[in-house]
Amino acid sequence: MKILVTGGTGYIGSHTCIELINNGYEVIIIDNFYNSNIEVLNRIKKITNKTITFYQTDLLNKESIEKIFYQHNINAVIHFAGYKAVGESVHKPLEYYHNNITGTLNLCDVMRKNDVKNLIFSSSATVYGDAAQIPITEKCPKGTATNPYGWTKWMLEQMLTDLCTADPDWNIILLRYFNPIGAHKSGLIGEDPNGIPNNLLPYIAQVAIGKLKSVGVFGNDYNTPDGTGIRDYIHVLDLAVGHVKAIKKLLDQPGITAYNLGTGRGYSVLQVIAAFENACGHKIPYNIQPRRTGDVAVCYANCDKAKVELNWEAQFGIDEMCADSWNWQVKNPNGYTL
Ligand code: UD1
């Protein structure tokens with residue numbers, strides 16, 4: 001079975017490609033390296049012993065996507081490609097809407113023309129906004145996104161739902177990720193953010209290795225046991241397995257459906273810092289700062305639907321996630337830049 005993976009050299013994409021290859025799928029990656037590095041392809045080859053078919057292109061270049069579909073008999077698409085920096089999206093809304101939405105529209109149009117109607121879409125817990133209930137189930141209504149990045153995920157979910165209504169031949173799974181962290185056990189691939197990290201884990205990792213001075217903890221006056229925000233961190237390897245299980249589910253012709261991919265457990269910022277200290281073996285300096293606009297106090301998933309329907313459940317706990325993040329950080333202090 002041939003799977004086209006857009007954004008396949010990115011953080012979640014690369015781990016998913018390895019899992020797909022290890023499960024006997026043939027993988028074709030397209031990526032424009034906007035937020036990734038060509039070195040990822042070498043690392044995937046090193047881990048899997050397989051050379052991957054790769055195209056450096058952009059979903060905005062529709063003609064190039066058409067050519068790829070013409071050349072390969074693709075059975076399904078996993079669509080990761082998209083801009084994802086929350087803060088940047090606030091400053092560059094047009095770029096975000098254009099890239100994420102037009103890119104996906106192009107992709108779906110080419111898929112439709114080629115009668116490839118099996119799609120897994122990389123979505124986010126961000127679509128729930130400040131969720132009406134915790135833990136969050138897929139029945140929770142979508143909320144109000146707090147930034148253009150979040151709105152692109154929200155709108156694309158709606159667009160794909162409308163597509164399935166119009167043409168029931170489509171099978172689409174929306175995977176709503178909670179907070180992906182960790183790295184491949186080999187330490188060869190992991191998260192390599194551009195510039196100063198926005199997300200908690202890569203920030204902690206860079207403080208732990210001495211590249212940054214101190215973790216700014218955004219608020220300690222939330223209504224949580226230690227006052228800091230609680231999130232559902234999930235190992236990227238568990239996410240990768242979730243995608244392979246979702247590919248299998250597509251064969252059951254589910255129409256359109258969404259799954260939460262999290263662990264079902266929440267950890268506070270201070271608990272994560274403590275777990276990382278355990279992993280790296282030394283103290284991590286932190287300082288309390290004001291709340292970050294748009295943050296919610298508590299966000300964690302109920303993952304029963306994925307357990308029952310995909311036969312998927314997260315295997316790794318917070319200690320292993322931090323140990324694997326640290327292993328990647330130590331082995332690649334400058335990420336993929338050699
Ligand atoms: C963020 C995005 C979300 C996106 C997800 C992808 C925002 C508001 N939300 O989720 O849309 O889908 O990343 O992984 O950016 N924190 C600190 N100090 C830091 C960084 C974070 O205290 O330097 C705290 C935050 O306040 C939060 C927790 O750590 O309580 C997790 O933050 P982060 O890793 O940025 O993820 P989310 O905000 O949950």
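**Close-up views of a predicted model**

View 1. Strand 5 is mostly covered, with seven of its seven residues buried. The structure shown here and in the following views is a predicted model. In a regular strand the side chains alternate between the two faces of the sheet. Both faces of strand 5 are covered: N118, I120, S122 and S124 lie buried on one side, and L119, F121 and S123 lie buried on the other. Strand 4 (residues 76–79) runs parallel to strand 5 and is joined to strand 5 by three bridges. Within this pairing, H79 stands opposite F121 of strand 5. Strand 6 (residues 171–177) is also parallel to strand 5, and seven bridges link the two. Here the bridge partner of S123 is R176 in strand 6.

View 2. T137 belongs to the loop between strand 5 (118–124) and helix 6 (148–166). Is T137 buried or exposed? Its relative accessibility is 18%, and T137 therefore counts as buried, since the cut-off for a buried residue is under 20% relative accessible area. Apart from its neighbours within four places in sequence, T137 is in contact with Y128, N260 and N302.

View 3. For R231, the distance from a polar side-chain atom to an oxygen atom of the ligand is 2.7 Å. L200 takes part through its backbone, where a polar atom is 2.8 Å from an oxygen atom of the ligand. Taken alone, the ligand exposes 740 Å², and the protein buries 88% of that.

View 4. Three strands make up an open sheet in the order 12-9-14, with mixed pairing. Strand 12 (267–268) and strand 14 (298–299) stand at the edges; each has a single partner strand, so one side of each is left without a neighbour in the sheet. Strand 9 (residues 230–231) and strand 12 run antiparallel and are joined by two bridges. In this pairing, I230 has S268 of strand 12 as its bridge partner.

**View 5. V269 and N278 in helix 9.** Both V269 and N278 belong to helix 9 (residues 269–280). V269 is buried, with a relative accessible area of 14%. Not counting residues up to four places away in sequence, V269 touches L200, V217, T228 and G229. The C-alpha atoms of V269 and F218 are 8.7 Å apart in space, although the two residues are 51 residues apart in sequence. N278, by contrast, is exposed, with a relative accessible area of 60%. Between the C-alpha atoms of N278 and C322, which are 44 residues apart along the chain, the separation is 8.4 Å.

**View 6. H235 and its contacts.** H235 is part of strand 10 (residues 233–235). This residue is buried, with a relative accessible area of 0%. Which side chain forms a polar contact of 2.8 Å with the side chain of H235? The partner is D324. Leaving out residues up to four places away in sequence, H235 touches I181, G182, A183, K185, F316, E320, M321 and D324.

**View 7. Helix 2 and the elements that cover it.** The buried residues of helix 2 (residues 39–48) are E39, V40, L41, R43, I44 and T48. An α-helix has 3.6 residues a turn, so residues three or four places apart point the same way. Against which elements do the buried residues of helix 2 pack? Their partners are helix 1 (11–22), strand 2 (26–31), strand 3 (53–56) and helix 11 (318–331). Just after helix 2, N49 adopts a positive phi of about 65°.

Conventions:
Residues numbered from 1 in each chain as written. Predicted model: local features only at pLDDT ≥ 70, side-chain atom pairs only at ≥ 80, totals over all residues. Heavy atoms only, no water. Polar contact = N/O pair within 3.5 Å; in protein donor to acceptor, adjacent residues only side chain to side chain. Areas by Shrake-Rupley, 256 points an atom, 1.4 Å probe, with all protein chains shown as cover. Pairing = 2+ DSSP bridges. Helix = DSSP H or I, 4+ residues; strand = E, 2+ residues; numbered from the N terminus. Buried < 20%, exposed > 50% of the residue type's maximum accessible area, 1.4 Å probe, protein only. Contact = heavy atoms within 4.5 Å.
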